[in-house]
Amino acid sequence: MSTLVIVESPTKARTIRNYLPKGYQVEASMGHVRDLPASADEIPASYKDKDWANLGVNVEDGFEPIYVIPKGKKKVVQGLKSALKSADELILATDEDREGESISWHLLQLLKPKVPIKRMVFHEITREAIQKSLKNCRDIDENLVHAQETRRILDRLYGYTLSPLLWKKIAWGLSAGRVQSVAVRLLVKRERERLAFQSGGYWDLKALLEKEKSPFEAKLITLEGKKIATGADFDPNTGKIAQGRKVVLLSEEEANALKDRLEGKTWTVNKKEEKATTRKPYPPFTTSTLQQESNRKLGISARDTMRIAQKLYEEGYITYMRTDSVHLSDEAIKAARSCVEEKYGKQYLSPKPRQYTTKSKGAQEAHEAIRPAGNRFRTPQETGLSGQEFGLYDLIWKRTVASQMANAKLTQITVLLDVEDAGFRSSGKRIDFPGFFRAYVEGSDDPDAAIENQEVILPPLEEGDHPDCKELDVLGHETQPPARYTEASLVKMLEGEGVGRPSTYASIIGTIRDRGYAQMRGKALVPTFTAFAVVSLLETHFPDLVDTQFTSKMEQTLDEIATGEAQWVPYLKKFYSGEEGLDTQVKVQVDQIDPGVAKAINLENLDATVKIGKFGPYVEVLQEEEKITASIPTDLTPSDLDPEQVNKLLKQKTEGPQKVGLHPETGEAIYLLIGSYGPYVQLGEASEENKKPKRASLPKGTNAEDVTLDMAVGLLALPRLLGTHPETGAKIKASLGRFGPYVVHDQGKEGKDYRSLKKEDDVLTVTLERALELLAQPKRGRGGGRTKKPLKELGVHPEDKEAVNVYEGPYGVYVKHGKVNAGLPEGETVETITLEKALELLAAKATTKKKTTRKTTTKKKTTTKRTTKSKSSTTKKTDS
């Protein structure tokens, strides 16, 4: 008897194949095999004349979705159908969440199997888990499918109804999304708070005291019995002390006078208080908390965190990574407690096993938290992982193990001191027993260092003691605006508000950045002018659709559909149709929205108006009844635009570009301009004869004010020839590119080898010696990782003595020699592949590659005319 098992990815297929009996064939669906039409081309001809065709959903008859097989999936589906022909049984083993259930349902609809069907679910890919799930197969859960399909249809109706409105009223290509637009609004609201924020200043004193040669610090907290003002006492809208606060606000002069008055006076300990506290370990990771901690500790984006976690899951290292449950199975608790005992000792175990309760709405306790896979947790060092994969597994291992550890016991110490009429406070912290701190401290990737940093040791002080004052400093402070959202804090906010699902946050944040609604500044997400315009329009005309509570209620309804408590079609009807439905709202509002108002962004600190145009944001002012406009560089956001910046942009428009000087060789003028992508220098003026004068961007971090004639001449001369490589004789150059300054070893047909310059290097002065030093260093890949490490080194090729190695790629394991890659055939593994077998595979691949190249070249030569004719006729058709 043969059984066909279908999973989503080749990696998952390879891993699961090792744990299934003989006679089981495992194939990958490569994700979703059907979806709503992505473009007009994909809409079936029989529906093209329908009013609702562009939505891909029949809103006139039961919200029936029109599903199509995407072009790239037709071969995959055909392959699955062929595999099914020789099978006696079909097992659908897609992921256990709603999306996985939906993929299984779509496979069932497409394949129409005539053999018995089973639905197999598991939350980890280990031998035990697969064997257990094989014995406990079930049917497809129709309620889960309805919940996922409803979400998909909701997102389509929202996006495809509102996005065209944004194109019409603001700018082409903008998008609206059910969760995306709420997230963008959160960013904009925070930025508005920052722009409206009024900073306030205050002063206080800090003393360095000493007792028995042990130094400690104390801060001024009272004067004449009244509390000294701190940042919390200020009104953010006025920059002044908030009404009703009875505090003393010291000026710099008053603080200095107080310091002089207290110099040389006696300090006395007035009160000492010790308070014992305990800290409980954090629950194991959910999707949301993993994204937050990965971003905070490892600096990995939500999108990359999910990509790495998916790989770890599919390769059998961790349990399923899309979960909102903090529940641990009995075997997981046992494995975690065993790790604690082995690594830290029995005294670090919690007195009894800890089980955590999920607080998030709609969480399913049947699912588990993210943890190391199996009934014995491999230590990070035992996995053989490296780079970001190692870092993420290490994080998951520590968090899971720490969840079964003892509480940390601390003592908080507060000492109050008097000197004249001034009161000071010194605070200390003592860790009496580190407990789970030994394994995990949130926000830190080094628990031992974190424990040390958390302790603030005070000398033995008792009431009546008179410590010596060694220093007394006056400190000035400015209140700070609310912090911008990072990926971590935005994920936390969305989950806290019940908006969207944690499994979708990574793609939502990615979309916000990709569509130009936010830029990254360090770790902060900074909203753009486009974000401000879109949010203003939606807030004014569709307030519910960007309201967190409204969107949260939608999630609750989807959860109710998943459990069978709510019906999906009536809900969709209420959302889209009727007097208050989305379709009616848009039709009513479309004529009331003035594009001129929708495109405009009024910032309180500016006399000018910012508008969104066809080519991006621009600033507009009225000068002597004439409108003057100037483009705003793409890297500027509403927070950066001040009156000085506006004047610079307008000055260039009205007075022409700033002249830096004359080129010493050609005598042409060199200008400094500000364009859409920031400041740049230009040789000569644009004219009919010189339509594209030579230009060069300023290196990142260089201020326009600092540009000299020598610098401008140097930038316009790039790329610089530094010399030749001593081994190859090939040219080595320095230049500026999209990702900053670099050096390149240009070997012509052999290829180019690039290295980015370091912060301390200058593209205009870097030497050949320095370039050779950089080129000798291992090349860093995208994401900051080193060159890919081989899974196995097989030896050297007999012809050129170059290495032949085994690597892991996005499409599986392969062997590599020079520029030739060859995938491992069915049945071959990293362990079984030999140098001899690898050489055969590489030779076959190299031959195929040559034939393909020859065919392609010939084809291109013979079809040039036909292609030109085709383009011409296409153009005519479009014009008519």
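**Loop geometry, salt bridges and burial in the predicted model**

Pro719 is situated in the loop between α22 and β25 (720–724). The peptide bond that leads from Leu718 to Pro719 is cis, with omega near 0°. These features, like those described below, belong to a predicted model.

The chain comprises 880 residues, of which 46% count as buried. Its secondary structure consists of 25 helices and 32 strands. The C-alpha trace spans about 95 × 80 × 75 Å along the principal axes of the chain.

Positive phi values were found in non-glycine residues of two further loops. Lys213, which is not a glycine, has a positive phi of about 65°. Lys213 occupies the loop between β7 (201–211) and β8 (214–223). With a relative accessible area of 74%, Lys213 is exposed, the cut-off for this class being over 50%. In Glu420, likewise a residue other than glycine, phi is positive and near 55°. Glu420 is placed in the loop between β12 (408–419) and β13 (422–433).

The structure contains 48 salt bridges. One of these is formed by Asp233 and Arg245, whose closest N and O atoms are 3.0 Å apart. Asp233 and Arg245 both lie in the loop between β9 (226–228) and β10 (247–248), so the pair ties together parts that are 12 residues apart in sequence. Asp233 is buried, its relative accessible area being 5%, whereas Arg245 is partly exposed, with a value of 40%.

An α-helix has 3.6 residues a turn, so residues three or four places apart point the same way. Glu293 and Lys297 are both buried.

Lys648 and Glu705 form another salt bridge, in which the closest N and O atoms are 2.4 Å apart. This pair links distant parts of the chain, 57 residues apart: Lys648 is in helix α21 (residues 643–655) and Glu705 in the loop between β24 (695–697) and α22 (709–716). Lys648 is partly exposed, with a relative accessible area of 32%, and Glu705 is exposed, with one of 52%.

On the surface, a patch of negative charge is made up of Asp49, Asp51, Glu60, Asp61 and Glu64. Glu64 is located in strand β4 (residues 64–65) and counts as partly exposed, at 48% relative accessibility.

Helix α16 (residues 529–541) was examined for both length and burial. At 1.5 Å a residue, the 13 residues of α16 should span 18 Å, which agrees with the 19 Å between its end C-alpha atoms. The helix is mostly covered, with 10 of its 13 residues buried. Phe529, Thr530, Ala531, Phe532, Ala533, Val534 and Val535 are among the buried residues. Leu537, Leu538 and His541 complete the buried set of α16.

Conventions. Residues numbered from 1 in each chain as written. Predicted model: local features only at pLDDT ≥ 70, side-chain atom pairs only at ≥ 80, totals over all residues. Heavy atoms only, no water. Patch = residues over 30% accessible without salt bridge, like charges linked within 9 Å, V, L, I, M, F, W, Y side chains within 5 Å. Areas by Shrake-Rupley, 256 points an atom, 1.4 Å probe, with all protein chains shown as cover. Salt bridge = Lys/Arg side-chain N within 4 Å of Asp/Glu carboxyl O. Lys, Arg positive; Asp, Glu negative; His and termini not counted. Charge placed at Lys NZ, Arg CZ, Asp CG, Glu CD. Helix = DSSP H or I, 4+ residues; strand = E, 2+ residues; numbered from the N terminus. Buried < 20%, exposed > 50% of the residue type's maximum accessible area, 1.4 Å probe, protein only. Expected span 1.5 Å × (residues − 1).
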